[in-house]
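Hi everyone, thanks for coming. Could you bring up the sequence and the model on your screens? I'll take you through it from there.

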Amino acid sequence: MKNLFIPFKFFVNLLILSLVAAILDKGGSLSKLLLNTFNLLESSTKIESSTISLTLILSNLLLLSYVLWLIIKFRKVIYSLKTDSIFSEKNSRIFKTVGRGLIFYSIGIFIIRVIENTLGDVVVGESVAYNFGRNIGATLSDRIPLLVIAFFLLIVAQLINEGYQLKNENDLTI
């Protein structure tokens, strides 16, 4: 059973590494935007800097940092399974926190992507309602897998909590 967790640990570590890369990418975008705002960037391509762009990048960076924190908490559970029982109140709380956090992240990133797509992508010759609906549909389809994972983690958290309660009742039975 312990050997089955090795690929899972690798996957979680790879996910953490990809989140760090995404945070560094957004941090680079933020620094480029700030340098462009203060005319410190000498480049042939000018970036349109606005308060909305700055807010979207900062919100994106904040949400990515939050997900990194959640995945690190989840990683602690994976690594503690080697020594501890999976049916503990702590593991249930962490699974519930990660599940709720991923739902919060999905909603937040959905809002950010809709705003980004609405401000950036406009199909000429189509109505505003069509463009907005297309942006919502495209953005929502990207969020559904993460929402499924989040709800799955919430179900697992409930199962772990019930298993913990059954374990406690069993320990009290002579």
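Predicted model: local features only at pLDDT ≥ 70, side-chain atom pairs only at ≥ 80, totals over all residues.

Residues are numbered from 1 along each chain as its sequence is written, and side-chain values use heavy atoms, with hydrogens and water left out.

Let's begin with helices, which here are DSSP runs of H or I with at least four residues, numbered from the N terminus. Look at α1 and α2: their axes are 9 Å apart and they pack at an angle of about 160°. Axes, by the way, are lines fitted to C-alpha atoms, for helices over the stretch in contact, and angles run from 0 to 180 degrees between N-to-C directions. That makes α1 roughly antiparallel to α2, a label for angles over 145 degrees. The crossing of α1 past α2 is left-handed, meaning that the near helix is turned anticlockwise from the far one by less than a right angle. In their contact we find 23 nonpolar, 6 polar and 3 charged residues.

Now move on to α2 and α3. Their axes come within 9 Å and cross at roughly 160°, so these two are roughly antiparallel as well. Here too, α2 passes α3 in a left-handed crossing. Their contact holds 19 nonpolar, 7 polar and 3 charged residues.

Which residues touch the most other members of the largest nonpolar core? They are Phe 74, Phe 95, Val 98 and Tyr 105, out of 32 residues. Such a core is a set of buried Ala, Val, Leu, Ile, Met, Phe, Trp, Tyr and Cys residues joined through side-chain atoms within 4.5 Å. At least two residues come from each of α1 (5-37), α2 (51-80), α3 (89-120) and α4 (128-172), and α2 gives the largest share, 12 residues.

Zoom in on Phe 95. Beyond its neighbours within four places in sequence, Phe 95 is in contact (heavy atoms within 4.5 Å) with Phe 74, Val 77, Leu 153, Val 156, Ala 157 and Ile 160.

Last stop: Leu 147, in helix α4. Sequence neighbours within four places aside, Leu 147 is in contact with Ile 103 and Ser 106.

Definitions and conventions: Buried < 20%, exposed > 50% of the residue type's maximum accessible area, 1.4 Å probe, protein only. Parallel < 35°, antiparallel > 145°, perpendicular 65-115°, else oblique. Nonpolar A, V, L, I, M, F, W, Y, C, P; charged D, E, K, R; others polar.
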